[in-house]
Amino acid sequence: MQRLARSCYSILFTEYPALRDFFPAAMDAQRDRFVKAIGFTLDRLEQPGELLPFLAQLGRDHRKYGVLPEHYVAMCSSIKTAMRLSADTEIWTDEVDRAWDEGLKMISDTMVGAAEKETTPPVWGGTVLESRAVLRNLRVVRLRLDQPMRYAAGQYVSVQVPARPRMWRYLSPAIPANAEGEIEFHVRAVSGGWVSPAIIDHTAVGDQWQLGAPLGGLGVPRNPKRKLLMIGCGTGIAPLRAQLMTMAQRRANPHVHLFVGGKHPCDLYDMDALSELAVANPWLSVTPVTEQDENPWWYTESKPQENIWPGIAPRRTGAIAKVVAKTGTWADHDVQIVGSPSMVQTTKFRLMASGTQAKNIRHDPLF
Ligand SMILES: Cc1cc2nc3c(=O)[nH]c(=O)nc-3n(C[C@H](O)[C@H](O)[C@H](O)COP(=O)(O)OP(=O)(O)OC[C@H]3O[C@@H](n4cnc5c(N)ncnc54)[C@H](O)[C@@H]3O)c2cc1C
Ligand code: HEM
């Protein structure tokens, strides 16, 4: 698949050189996400209920690049040529050729159609109001948008920061949308990454960020009767706490059990906020889980990590998927999982092995 993406972009840039300027110099991350999006699409061709909203959101989000309908024609033609060149000639029959034309037309029609119908801005500007280092490799950044964005708690947005022009990355707002246009992100530096270490090292008050349209299907459950299991690791807690904050405004909620995970105890950076939510909302139970009992050598915070927070269950030690599976039976719960792709996959498989149906488990596309 990676080879295919490489070939697709080299065809695109040779045949349509003007399109090269849309993309950043380093294309590795883009190729990876593009391949995953195409894989996600191909896997769901028979599930239009899930696929079409995904493509529509992607199309609305692509407005921020200034992409025009004719660019989609160029992109689809390059994808098809790359596919054809990678396939054996006897496999690439007229029927296969037609199927690719139809599939790619469906993708671009859905993306272009959604973009053309959208009335919100293609891009929001945001001014950094506060940039707080929470851990050596984790920062909470609060911004005010130039106009409010109506995202659902649980969704994510793509973000471009001034230190890394044209390198958009997804981040999940950690608070619900509000009329003041305030928004908060929790960012962890991925070692060797292009953008996240730059956010940790260079974000300053007054910086101007750009944000694309909201994406993703996680959101506050509509059925107040079905119990909810939320599992979030690291900054994966952000879209979950945004939902919990929204639910705290409602009169009735199902019972929610939140497992919040990290590698070390210090990675449980948001326990004070979760503790406040749990104390005020009896429908919420929170269990912290860490893989290790000790903090890393570089953690020099003088305040001892107490592991005792009002309203919060005692911290458990172990792999989060195992701890969740051991703690209860979850087959009658709706489940949301947020974290690194490997954590999401492992947790999902473990829950499925103990009786939870795949259709009741939600997570974002694993880009
Ligand atoms: C739906 C969604 C929501 C997200 N929300 C947040 C958020 O709220 N806060 C946040 O900090 N991040 C979030 N991310 C991750 C974020 O979008 C970036 O992928 C991450 O910050 C790495 O970007 P980078 O440019 O530093 O690394 P890149 O230069 O893109 O990647 C460098 C290397 O690191 C690997 N890598 C990328 N991401 C990870 C990861 N998470 N864990 C381990 N290895 C990785 C890549 O495969 C690559 O090999 C979210 C991702 C998705 C898909
Ligand atoms: C077949 C239709 C297409 C699909 C499925 C697709 C998919 C994606 C995905 C998944 C991403 C990464 C996430 C994001 O930033 O939104 C992306 C980024 C991007 N896409 Fe597309 N895209 C398509 C068409 C196009 C076209 C026609 C253009 C115009 C030239 C384009 C330009 C870009 C740019 C500039 C980026 C950002 C690159 C980066 O930040 O590294 N895309 N696309």
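An unreviewed UniProt entry annotates residues 121-221 as "domain: FAD-binding FR-type". Across residues 121-221 the chain is 7% helix and 38% strand. The model is predicted.

**Around ligand 1**

- Ligand 1 is surrounded by 19 residues. The closest are Arg169, Tyr170, His186, Val195 and Ser196.
- The shell residues divide into 10 nonpolar, 5 polar and 4 charged.

**Polar contacts of ligand 1**

- The side chain of Ser196 has an N or O atom 2.6 Å from an oxygen atom of ligand 1.
- At Ser172, a polar backbone atom lies 3.0 Å from an oxygen atom of the ligand.
- Arg33 places a polar side-chain atom 3.4 Å from an oxygen atom of ligand 1.
- Taken alone, ligand 1 exposes 910 Å², and the protein buries 70% of that.

**Cysteines**

- How many disulfides does the structure hold? It holds 0.
- A disulfide is a covalent bond between the sulfur atoms of two cysteines.
- A disulfide needs the two sulfur atoms within 2.5 Å.
- Cys76 is buried, with a relative accessible area of 15%.
- Cys233 is in no disulfide either. Its nearest cysteine sulfur belongs to Cys266, 14 Å away.

Notes:
Residues numbered from 1 in each chain as written. Chains lettered and ligands numbered in written order. Predicted model: local features only at pLDDT ≥ 70, side-chain atom pairs only at ≥ 80, totals over all residues. Heavy atoms only, no water. UniProt positions renumbered as here; feature names shortened; annotations may be inferred. Helix = DSSP H or I, 4+ residues; strand = E, 2+ residues; numbered from the N terminus. Near = heavy atom within 4 Å. Polar contact = N/O pair within 3.5 Å; in protein donor to acceptor, adjacent residues only side chain to side chain. Areas by Shrake-Rupley, 256 points an atom, 1.4 Å probe, with all protein chains shown as cover. Nonpolar A, V, L, I, M, F, W, Y, C, P; charged D, E, K, R; others polar. Buried < 20%, exposed > 50% of the residue type's maximum accessible area, 1.4 Å probe, protein only.
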